[in-house]
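This briefing sets out the fold of one protein chain and then turns to a handful of individual residues. Please read it alongside the sequence and the model shown here.

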Amino acid sequence: MPGTGAPAPLPRLFEWVAPASWRTIDLISDLHLCEAMPRTFDAFRVYLQSTQADAVFVLGDLFEVWVGDDMRQRPFESACVDLLAEAASRRCVAFMAGNRDFLVGSAMLSASGMAGLPDPTVLSAWGQRLLLSHGDALCVADLPYQAFREQVRSAAWQATFLAKPLPERLQIAAEIRHASRTRRQFDGDGTVDVDAAQAVRWLHAMGAAELVHGHTHRPGSQTLAPGFKRHVLSDWDLDDARRAEVLRVTRDGLVRLAPADA
């Protein structure tokens, strides 16, 4: 447990074996879709409608906030569901929860056609084994965030929170986003990165040499230790920062692409 001096328990192994017929898998994260980011939503829509990828894996924070699956009945979120469902009718679309949308549940997955991905998941494709994670669970030095994460991922907390009316849940989320101290607890301290030793421990246990994660909004690739690498996904922001990226996996390896080129 964090703060005890003992290593955190290793997560359970979940493996996704790509069908032999697949040729391309796209990995994305941290789109933070919301009504206030129309250009980002439009770029995502165009990407989903035009990509030639056999599968799109979203590694968390697809939405800016998700306070329960009844959100899908609101106009903007309903448009997102329709977009995802149309894309999922033509290719595999899979979703892993992030720190902003960990309350996406079975009703939303069913309505959107997305397959759920546990965090972490080993992607086995073309002889490669990639360990996929949102990344927040690996920021182990951020003790306040890890304590908050453990609390809100518990079944008891979620049952209590989801029992509240939707307007009240949205108000709580809005208050969190506007209170800097609480927001740091909710999102994590942006100065704390993934712990390299913990990441290598995961990789070694899962039989993988490369980690792909989001969350930190620091895109790039680095060596964690001899024989172990990580690839950090870009966030998407086409409204203010003009930034977005797809990490494409093929039998030849990994390549970073602009959404328009994917």
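Predicted model: local features only at pLDDT ≥ 70, side-chain atom pairs only at ≥ 80, totals over all residues.

Two strands are taken to pair if DSSP finds at least two bridges between them. The protein chain holds eight helices and twelve strands in total.

**Overall dimensions and packing**

- The radius of gyration of the protein chain is 18 Å, close to the 18 Å that the globule rule gives for 262 residues, so the chain is as compact as a globular protein of that length.
- Along its principal axes, the C-alpha trace spans about 50 × 50 × 30 Å.
- Buried residues make up 52% of the 262 residues in the chain.
- Of the contacts with a separation of 6 or more, 70% are accounted for by residues 24 or more positions apart.

- Strand E1 (residues 15–17) and E6 pair in the parallel sense over three bridges, with Trp-16 standing opposite Leu-123 in E6.
- E6 and strand E7 (residues 128–133) pair in the antiparallel sense over five bridges, and here Thr-121 stands opposite Leu-132 in E7.
- E6 and E7 form a hairpin with two residues between them, and Trp-126 in the turn has a positive phi of about 55 degrees.
- E7 is joined by four bridges to strand E8 (residues 210–213), the two running parallel, and Leu-131 stands opposite Leu-211 in E8.

**Burial of strand E6**

- Strand E6 (residues 121–125) is mostly covered, since five of its five residues are buried.
- Both faces of E6 are covered: Thr-121, Leu-123 and Ala-125 are buried on one side, as are Val-122 and Ser-124 on the other.

- Asp-61 has its place in the loop between E3 and helix H2 (75–88).
- Although Asp-61 is buried, it has no salt bridge, and the nearest side chain of opposite charge, that of Arg-100, is 5.3 Å away; the cut-off for a salt bridge is a side-chain nitrogen of Lys or Arg within 4 Å of a carboxyl oxygen of Asp or Glu.
- Leaving aside residues up to four places away in sequence, Asp-61 touches Asp-30, Leu-31, His-32, Gly-98, Asn-99, Arg-100, Asp-101 and His-134.
- Asp-30, one of the residues that Asp-61 touches, lies in the loop between E2 and H1.
- Asp-30 is not a glycine, yet it has a positive phi of about 55 degrees, and it is buried, with a relative accessible area of 0%.

**Other loop residues**

- A cis peptide bond with omega of about 5 degrees joins Asp-119 and Pro-120, and the place of Pro-120 is in the loop between E5 and E6.
- His-217 lies in the loop between E8 and E9 and, although not a glycine, has a positive phi of about 60 degrees.
- With a relative accessible area of 34%, His-217 is partly exposed.

**Thr-223 in strand E9**

- Thr-223 is found in strand E9, and at 57% relative accessibility it counts as exposed.
- Thr-223 touches Phe-228 and Lys-229, not counting residues up to four places away in sequence.
- Thr-223 and Glu-210 are 13 residues apart in sequence and 9.1 Å apart in space, C-alpha to C-alpha.

Methods
Residues numbered from 1 in each chain as written. Heavy atoms only, no water. Buried < 20%, exposed > 50% of the residue type's maximum accessible area, 1.4 Å probe, protein only. Lys, Arg positive; Asp, Glu negative; His and termini not counted. Contact = heavy atoms within 4.5 Å. Rg over C-alpha atoms; globule rule 2.2 N^0.38 Å.
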